[in-house]
Every structure is written in structure tokens, then in C-alpha cells.
Amino acid sequence: MTAIQDRIVEYFQTKEKFLYNVIQKFNVHSKDYDDIFQEAWVKAYLASNKYDYNKCPAMSSWIYTIVKNLSLDWSRNFKARSATSLDALQDLSGFEARNQ
């Protein structure tokens, strides 16, 4: 493990509550919090070789951005799935009415 990876692990362990609060702000379903948290941790860990101290001296900002972007993606995907489900229900109700 590199020094940066050690810092990433330490950050996720010590700032877990803060990161869960970030996830919660993006209207993500609560059952997905753990998945987003875990995915963010893995993404940050695997991308540690791309972390550029000169571009982002505060690792916390870099990790926050990863968590924020993943939360937004999950939120968008949930809204898209919800809209599709509602459309499907409307289609089914129209189908049932025509067949009566």
C-alpha cells in the first residue's frame, strides 16, 4: 500500500459519518448509501495513482468530489428508473382498459 492509499483508507474510516451526510444530501435512497460509500472508497483507492497534489492539495476535496459525483449519478439513475416504472404502469393501465 502506498502512502496516499494509507491516507485514503484513514480518511474514509475517520470521516465516515461526514461522507454519509454528503451522500444523503443528494436525495439518494437510503438503501443505496452503503453501496455509494463503498464504490467511492474503491474508486478513490484505485485512482490513488492519479491523485495530483499540485491540482488538489486537500485530499478531502478530491474525495468529496468523488462521493458527490457518485451520489449525483445514483440520484439521476434512480429518477430515470422511477420515471420508466411510472410510464410502464400507465401503459399497463391503458392496456387493461382497452381489453375490458
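**Exercise 1.** Describe how helix α1 (residues 3-14) packs on helix α2 (residues 16-24) in this predicted model.

*Solution.* Start with the geometry. The axes of α1 and α2 lie 5 Å apart and meet at an angle of about 75°. Angles of 65 to 115 degrees count as roughly perpendicular, so α1 is roughly perpendicular to α2. Next, list the contact. Helix α1 contributes Tyr11, Phe12, Gln13 and Thr14. Helix α2 contributes Glu16, Phe18 and Leu19. Finally, sort the contact residues by class: four are nonpolar, two polar and one charged.

**Exercise 2.** Check the span of α1, then find which residues of α1 are buried and which exposed ones are turned away from them.

*Solution.* Take the span first. Now the burial. Gln5, Ile8, Val9, Tyr11 and Phe12 are the buried residues of α1. Viewed down the axis of α1, they fall within an arc of 160°, so they line one face of the helix. The face turned away from that buried side carries exposed Ala3, Glu10, Gln13 and Thr14.

**Exercise 3.** Treat helix α3 (residues 33-46) likewise: span, buried residues, exposed residues.

*Solution.* Helix α3 has 14 residues. From first C-alpha to last it reaches 20 Å, close to the 20 Å expected at 1.5 Å a residue. Buried in α3 are Tyr33, Ile36, Phe37, Ala40 and Ala44. Down the axis of α3, these buried residues fall within an arc of 100°, so they line one face. Gln38 and Leu46 are exposed on the face of α3 turned away from its buried side.

Key
Residues are numbered from 1 along each chain as its sequence is written. This is a predicted model: local features need pLDDT of at least 70, side-chain atom pairs count only at pLDDT 80 or more; totals for chains, interfaces and linings use all residues. Side-chain values use heavy atoms; hydrogens and water are left out. Helices (H or I, at least four residues) and strands (E, at least two) are DSSP runs, numbered from the N terminus. The expected span of a helix is 1.5 Å times one less than its number of residues. Buried means under 20% relative accessible area, exposed over 50%, partly exposed in between (1.4 Å probe, protein chains only). The arc is that of the directions from the helix axis to the C-beta atoms. Axes are lines fitted to C-alpha atoms, for helices over the stretch in contact, and angles run from 0 to 180 degrees between N-to-C directions. Angles under 35 degrees count as roughly parallel, over 145 as roughly antiparallel, 65 to 115 as roughly perpendicular and the rest as oblique. Contact means heavy atoms within 4.5 Å. Ala, Val, Leu, Ile, Met, Phe, Trp, Tyr, Cys and Pro count as nonpolar, Asp, Glu, Lys and Arg as charged, and the others, Gly among them, as polar.
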